[in-house]
Amino acid sequence: IILPSAAEVGRVAAAKIASRVTEKPTAVIGLATGSSPQGIYADLKRRVDAGELSFALARGFALDEYLGIPADHPQSYLSVIRRDVVEPLGFNPDRVHVPDGRAADPEFAARSYDSAIAAAGGVDIQILGIGANGHIGFNEPTSSFASRTRVKTLAPQTREDNSRFFDSLDQVPTHCMTQGLGTILDARELLLVAQGDGKAHAIAAAVEGPLSSFVPASALQLHEHATVIVDEAAATGL
Ligand code: GLP
């Protein structure tokens, strides 16, 4: 879906999420961080504030988390999800989960995260942004399409892209825990949003290119119910 503006992208994507939650108030929502979904959260907040929608019974699972920064660091994804999603949208914090980047045994924590998603009945609708290098979650190029939640090394470009959230590049973590591409593909519906010409190459490669582990978002082509919503700038490579 190509829309004239970034604001329209947020509105149209939010409408899809709102209709899922209206049909099923206990829906499991796959949550993404980054700038791309901010318009979605803003439009959902408008609906919540207007009394049209409630996330009180919904559940949430975030895609990913940094390793090596404290939970209360303002840029930990636990902090970001609480600030950008849980509080403004009125989720019950006990029903929203973020991979545990502080776990003593990260591999065990990663496997437990996948088990917790399955125990919740699976993700009903997964929000996704896309990295300039085609990553989704933190599944960097060469990630296996069958991968599950695990520890990954961040690509140099991702660390540079995300350095805007930190004081300097050397403060950006080098590792993360991310849902795998296989975990993401298990969601019943995928909703990827992108805005701006910086994403045009990644969107064209993901949507029109061959399936390739070098473009992790091309995995969406394998899903039976995936929607990509972009503004005109992000559509220029199509
Ligand atoms: C980040 C996140 C992704 C996000 C992507 C794009 O590193 N881990 O979930 O989709 O990179 O970020 P942005 O939306 O800020 O461009």
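Figure 1. Ile 2 stands opposite Val 230 in S10. This is a predicted model, in which local features need pLDDT of at least 70, side-chain atom pairs count only at pLDDT 80 or more, and totals for chains, interfaces and linings use all residues. Residues are numbered from 1 along each chain as its sequence is written. S1 pairs with strand S10 (residues 226-231) in the parallel sense over two bridges; two strands pair if DSSP finds at least two bridges between them. Strands (E, at least two residues) and helices (H or I, at least four) are DSSP runs, numbered from the N terminus. On S10, Ile 229 is the bridge partner of Val 193. Strand S9 (residues 190-194) runs parallel to S10 and is joined to S10 by five bridges.

Figure 2. Strand S2 (residues 28-31) and strand S3 (residues 59-62) run parallel and are joined by four bridges. Phe 61 in S3 is the bridge partner of Gly 30. Axes are lines fitted to C-alpha atoms, for helices over the stretch in contact, and angles run from 0 to 180 degrees between N-to-C directions.

Figure 3. S7 and strand S8 (residues 175-178) pair in the antiparallel sense over four bridges. His 175 in S8 is the bridge partner of Thr 153.

**Figure 4. Packing of helices H2 and H3.** Two packed helices are described by the angle between their axes and the distance between the axes. Helix H2 (residues 38-49) and helix H3 (residues 77-89) pack at an angle of about 15 degrees, and their axes are 10 Å apart. H2 and H3 are therefore roughly parallel to each other; angles under 35 degrees count as roughly parallel, over 145 as roughly antiparallel, 65 to 115 as roughly perpendicular and the rest as oblique. H2 passes H3 in a left-handed crossing, meaning that the near helix is turned anticlockwise from the far one by less than a right angle; clockwise is right-handed. Tyr 41, Leu 44, Lys 45 and Val 48 of H2 make the contact with Asp 84, Val 85, Pro 88 and Leu 89 of H3. Two residues are in contact if their C-beta atoms, placed from the backbone, lie within 7 Å. The residues of this contact divide into six nonpolar, no polar and two charged. Ala, Val, Leu, Ile, Met, Phe, Trp, Tyr, Cys and Pro count as nonpolar, Asp, Glu, Lys and Arg as charged, and the others, Gly among them, as polar.

**Figure 5. Crossing of helices H1 and H2.** The axes of helix H1 (residues 6-23) and H2 come within 7 Å and cross at roughly 60 degrees. H1 and H2 are therefore oblique to each other. The crossing of H1 past H2 is right-handed. Residues of H1 in the contact include Ala 6, Val 9, Arg 11 and Ile 17, and those of H2 include Ile 40, Asp 43 and Arg 47. By class, the contact has 10 nonpolar, two polar and three charged residues.
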